Amino acid sequence: MDASEKKRNAAKAAMEFIQPGTSLGVGTGSTVNLLIEMLPEIRDKIDKLVSSSKASTALLKENGFEVSTLNEIGDYDIYIDGADESNKRLQLVKGGGGALTREKVLAAAARRFICIVDDTKLVGMLGSFPLPIEVLPMAQELVSRQMLKMRGQPIWREGFVTDNGNHILDIHDLQISNPLEMEARINRIPGVVTVGIFAHRAADILLIGGDDGVREMRI
Ligand code: 5RP
């Protein structure tokens, strides 16, 4: 089974959690795009929708959904999003698509965070996937120097501007043995908007698409 089929199965499994009247947050990326394309099947169950990126908002609108702002809906029921890596504690690395800041905000406001991945994303230790950090453009060099001190190799995602008008640094060669500590430490560097470690607000449920179907993990 290819990765896309595994992602589609995980996305389909996430739809089972959507009950009538659900307010739903939608993340960003290829896995979530598969979810969005299936959402019209359960349109009647969705009360309100919020989205973590301009790209997801555009796709939701193409599929006939109205998209609210988080300020309009406040705390809401379920956030569904993909990830670049997850460990067994459902702590994540996210931001491969560059939408990490709005994703972190939507995850924080959700009563339940369901993460949908294919089985290549489950890892023993976070950090093989280069860690995305959204930075203010004027702080890019400062943050890069701080990351070098932490033994990471920062690479500027050249030509990419986030939905918030900022830049992304992808940090290679980090071994994230203590995600909680590293998330807090990187967040303290002036100029960091968001680090792509989701440990303080980890997922509640991980749905992993694999060759034998979808496995569910909870903390
Ligand atoms: C976007 C993200 C995505 O969830 C992550 O990159 C996974 O993407 P995909 O579903 O395409 O594998 O964090 O900022």
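Modeller: Lysine 94 and aspartate 81 form a salt bridge, with 2.8 Å between their closest N and O atoms; a salt bridge is a side-chain nitrogen of Lys or Arg within 4 Å of a carboxyl oxygen of Asp or Glu. Lysine 94 belongs to the loop between strand S5 (92-93) and helix H5 (100-109), while aspartate 81 belongs to strand S3 (residues 76-81), so the pair ties together parts that are 13 residues apart in sequence. Helices (H or I, at least four residues) and strands (E, at least two) are DSSP runs, numbered from the N terminus. The model is predicted: local features need pLDDT of at least 70 and side-chain atom pairs count only at pLDDT 80 or more, whereas totals for chains, interfaces and linings use all residues. Residues are numbered from 1 along each chain as its sequence is written, and side-chain values use heavy atoms, with hydrogens and water left out.

Both partners can also be described by their accessibility. Lysine 94 is buried, with a relative accessible area of 2%, and aspartate 81 is buried at 0%. Here buried means under 20% relative accessible area, exposed means over 50%, and partly exposed lies in between (1.4 Å probe, protein chains only).

In general, side chains of opposite charge can pair when their charged atoms come close. Across the whole structure, a search finds 10 salt bridges. One of them joins the side chains of lysine 12 and glutamate 41, at 3.7 Å from N to O. Lysine 12 lies in helix H1 (residues 3-15) and glutamate 41 in the loop between helix H2 (30-38) and strand S2 (46-51), so this pair ties together parts that are 29 residues apart in sequence. Lysine 12 is partly exposed, at 39% relative accessibility, and glutamate 41 is exposed, at 57%.

A further salt bridge links arginine 201 to aspartate 204, where the closest N and O atoms are 3.0 Å apart. Aspartate 204 is partly exposed, with a relative accessibility of 24%.
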